[in-house]
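Here's a quick tour of a protein chain, going from its overall build down to a single strand and a single side chain. Have the model open while you read.

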Amino acid sequence: MNYIDPHIHMVSRVTDDYERLARAGCVAVSEPAFWAGFDRGSVDGFRDYFRQLTEVEPKRAAQFGIRHFCWLCINAKEAENVSLSREVIAMIPEFLARPNVLGIGEIGLNKNTRNEAIVFEEHVERALRTDELMLVHTPHLADKYKGTRMILDMLTSNSRVRPERVCIDHVEEHTIRPALEAGFWVGLTLYPITKCTPQRAVDMIERYGTQRLLVNSAGDWGPSDPMAVPDFIRALRARGHAEPDIRRVVWDNPRAFFAQCPRFGGAETDEARA
Ligand SMILES: [Zn+2]
């Protein structure tokens, strides 16, 4: 089955992973800007990273017939440095019109600090100015519930934010409901350690349905599995879910969310490839 991985950090994966993804039916990936494993020293570090996301990575993916999309921001970890964050946000428009850019992300919170919240809201303003889609990282483990609540409050109290243009990512059993009820898209991240297993993801789908729901691997340079979405497809089949229902989650839904960005509408992810 053809599928899209809507959240995967391919800059930190080897080329063999592209080959494995292609073999498993991956047709497109979307790569949010994130932490590199160390704090970058200047805005130029981010400028080079955005060039990698918009120039280098799409070419690497294309060798395997995979379309590569990306999102731009300074991640929540480095957002603790407010002055650097402001320089990065001011630089983002240099890249916003590039053909594989879907919007602003993954913005969000990490330790739920005041500085992170300030930078989150300034990213939201940046996104609203040119009507960009937003991809939102919610914190891990103990910080998740409070951080998700803070994010939902900031977004819903801003009347200019249209929830159908925002995805709240890394939701779990205790955060999926408020995000869906507020009208946002949600992302389930399949992760071997801190986030949810394919079986837990199937449980949530059986409970909450498939409307406005995406499933991703969030593969990066840490413990993670770029093949998690194909594993999830198998888990759905094993539980007796019908092919059109599976396809809705891994293909129709990401396309519907991304298609709200005019830069997404490429021929290679159209029905002809399905
Ligand atoms: Zn990520």
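What follows starts with the whole chain and then zooms in.

This is a predicted model, in which local features need pLDDT of at least 70 and side-chain atom pairs count only at pLDDT 80 or more, while totals for chains, interfaces and linings use all residues. Residues are numbered from 1 along each chain as its sequence is written.

**The whole chain**

The secondary structure comes to nine helices and eight strands; these are DSSP runs numbered from the N terminus, with at least four residues (H or I) for a helix and at least two (E) for a strand. Along the principal axes, the C-alpha atoms fill a box of roughly 50 × 40 × 35 Å.

Buried residues make up 46% of the 274, where buried means 20 or more other C-beta atoms within 10 Å of the residue's own, with C-beta atoms placed from the backbone. Of the contacts between residues at least 6 apart in sequence, 73% join residues at least 24 apart; a contact puts two C-beta atoms, placed from the backbone, within 7 Å.

**The sheet**

The eight strands form an open sheet in the order E1-E2-E3-E4-E5-E6-E7-E8, with parallel pairing (two strands pair if DSSP finds at least two bridges between them). At the edges sit E1 (3-5) and E8 (213-216), each pairing on one side only. From one strand to the next, the twist averages 25 degrees.

Now for strand E5. Five of its five residues (133-137) are buried, so E5 is largely enclosed by the rest of the structure. In a regular strand, side chains alternate between the two faces of the sheet. Here both faces are covered, with Leu133, Leu135 and His137 buried on one side and Met134 and Val136 on the other.

| Strand paired with E5 | Bridges | Direction |
|---|---|---|
| E4 (residues 101-108) | five | parallel |
| E6 (residues 166-169) | four | parallel |

The chain gets from E5 to E6 through helix H5 (residues 144-156), in a right-handed β-α-β crossover. Right-handed means that, with the strands pointing away from the viewer, the path from the first strand over the helix to the second runs clockwise.

**Two helices side by side**

Helix H3 (residues 82-91) packs against H4 at an angle of about 10 degrees, with the axes 10 Å apart. Those axes are lines fitted to C-alpha atoms over the stretch in contact, and angles run from 0 to 180 degrees between N-to-C directions. H3 and H4 are therefore roughly parallel to each other, a label for angles under 35 degrees. Val82, Ser85, Arg86 and Ile89 in H3 meet a set of H4 residues including Ile118, Val119 and Glu122.

**One side chain**

Finally, is Phe46 buried or exposed? Phe46, which lies in helix H2 (residues 43-62), is buried, with 25 other C-beta atoms within 10 Å. Leaving aside neighbours within four places in sequence, Phe46 is in contact with Arg40, Ile74, Val88 and Met91.

Methods: A residue is buried if 20 or more other C-beta atoms lie within 10 Å of its own, exposed if 12 or fewer, and partly exposed in between; C-beta atoms are placed from the backbone. Angles under 35 degrees count as roughly parallel, over 145 as roughly antiparallel, 65 to 115 as roughly perpendicular and the rest as oblique.
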